[in-house]
Amino acid sequence: MKKSNILYIAVALLVLIIALYFVFRDKSEVNHEGHDHTEKEVVEKEKVATIKEVELNEAQFKAANIQLGTFSKKNLSEVIEANGYTKLPPQNQADVSVQTTGIIKSILFKEGQYVNKGQTLATIESPEFARLQEAYLTSKSNLNYLKLEFERQKTLNEEEVNSKKTFQKTKSDYEIEKARYNSLQMQLNVFNINANGEATATVGVKAPISGYVTTINIKIGSNVEIGKPLLSIVDNSKLHVDLLVYEKDLYKIEVGQTVRFIFTNQNEVEITGKVFSIGKAFENDTKAVAVHVEIANNNQKLISGMYVNALINLGTKEVFALPEDAIVKADGRAYIFVLEEGHEEKNETEKMNHFQRIEVKTGTTQLGYTQVTLLQKIEPNAKIVLKGAYYVQSHLLKSEGGGGHAH
């Protein structure tokens, strides 16, 4: 082959190699630019997903019953969870009964009414009362006679005028009658009968304690049985809570620890208390001990036997918390809504309320409150949606589907 042909072939190969180099370099640059663009889009989408705005008009705001507020400081750590119930000491309960037979003549109170100690609750008619008074007055008269006779025989005995036997007999009769007289007097006091008043067959049944009438077991004309309760009274002012604490946590409990609890059927009412006593034996067949808690703010309408869920505070650490209703979950994340007070607008007819969705980190949830840590700074006095957050979230989803705005 000639030298000139070899030279032409070499030049052609060099041109081909250079052309291929530029073609592949352009493709690589195009792919790299496309990849960078996709990454930027993902970042922007993540920003949009975490920071969004919802707009509600005044009618929607009111219809949703949205409640605004701010963080609460709650002791949500170092606690023992326990369940229990309200309990009334036996000293604050009374069954009213009488130790005689008779017939109910009147009932002066209804169930649920408050009575003071010593008030007449009902009246009973019985011939036993008249006989008791008669016996008392007879004994009183005999006692006066025997007292005089005893003093006379005592003087004669000292002067050795009468026999010792006569004096001892008089003394014995006097002491027997005196004992009988005292016994009859105490029986009259039990029945609230005036010992020196006029004879009567009707007496009143008095309230032994102050409190509310809970049960009435009688009616007009009912026969009264000895020892059978006529009605019951409770004094709820001394109501306390018994919490069942299991063996593994018992060593952590001490007298004086504060307790917070809510009632099973009244979740929005939180009540505080303090441990005043710890049981010394297991309750029934359980491995739990009753921890007695005094109620501090007992201004609620509480009755014995109400079930409670409680937290016994072991520490004093407080955290910022929000009601559970203030937190919404979406795409595995937690959010709250904050009112943007500087963005209220008025269209032609009504005011518009703007809410910004803020991502948060949640912690312990207890008694309806959840520990919250902000992942984005907000104003110290910012108004947070405490109730109605899921309603605001639903409007956010609607606006997303319908081309809603975000920033």
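Reader: In what sense do strand 22 and strand 23 pair, and over how many bridges?
Author: This is a predicted model. In it, strand 22 (residues 351-366) pairs with strand 23 in the antiparallel sense, over 5 bridges.

Reader: Which residue is the bridge partner of Q366 in strand 23?
Author: Q366 has Y369 as its bridge partner there.

Reader: And how many residues lie between strand 22 and strand 23 in the hairpin?
Author: The hairpin has 2 residues between the two strands. L367, in the turn, has a positive phi of about 50 degrees.

Reader: What about strand 18 and strand 23: over how many bridges do they pair?
Author: Strand 18 (residues 319-323) and strand 23 (residues 369-374) are paired over 3 bridges, in the antiparallel sense. A321 has Q371 in strand 23 as its bridge partner.

Reader: Over how many bridges do strand 10 and strand 12 pair?
Author: Strand 10 (residues 211-216) and strand 12 (residues 231-234) pair over 4 bridges in the antiparallel sense. For T215, the bridge partner in strand 12 is S232.

Reader: Now the second largest pocket. What volume does it have?
Author: Its volume is about 250 Å³.

Reader: How many residues line that pocket, and which lie nearest its centre?
Author: The second largest pocket is lined by 17 residues, with S97, V190, N192, V205 and K206 nearest its centre. The elements that give two or more residues to this lining are strand 5 (93-96) and strand 9 (202-206). Strand 9 provides the largest share, 4 residues.

Reader: How does the lining of the second largest pocket divide by class?
Author: There are 11 nonpolar, 4 polar and 2 charged residues in that lining.

Reader: One last topic, the surface. Which residues make the nonpolar surface patch of about 290 Å²?
Author: That patch is made by I9, L13 and L16.

Reader: Where is L13 placed?
Author: L13 is in helix 1, which covers residues 3-50.

Terms used
Residues numbered from 1 in each chain as written. Predicted model: local features only at pLDDT ≥ 70, side-chain atom pairs only at ≥ 80, totals over all residues. Heavy atoms only, no water. 1 Å grid on protein atoms, 1.4 Å probe; cavity = no way out; pocket = protein on both sides within 12 Å on 5 of 7 lines; lining within 4 Å. Points joined across faces, edges and corners; volume = space filled by probe spheres on them. Nonpolar A, V, L, I, M, F, W, Y, C, P; charged D, E, K, R; others polar. Pairing = 2+ DSSP bridges. Patch = residues over 30% accessible without salt bridge, like charges linked within 9 Å, V, L, I, M, F, W, Y side chains within 5 Å. Areas by Shrake-Rupley, 256 points an atom, 1.4 Å probe, with all protein chains shown as cover. Salt bridge = Lys/Arg side-chain N within 4 Å of Asp/Glu carboxyl O.
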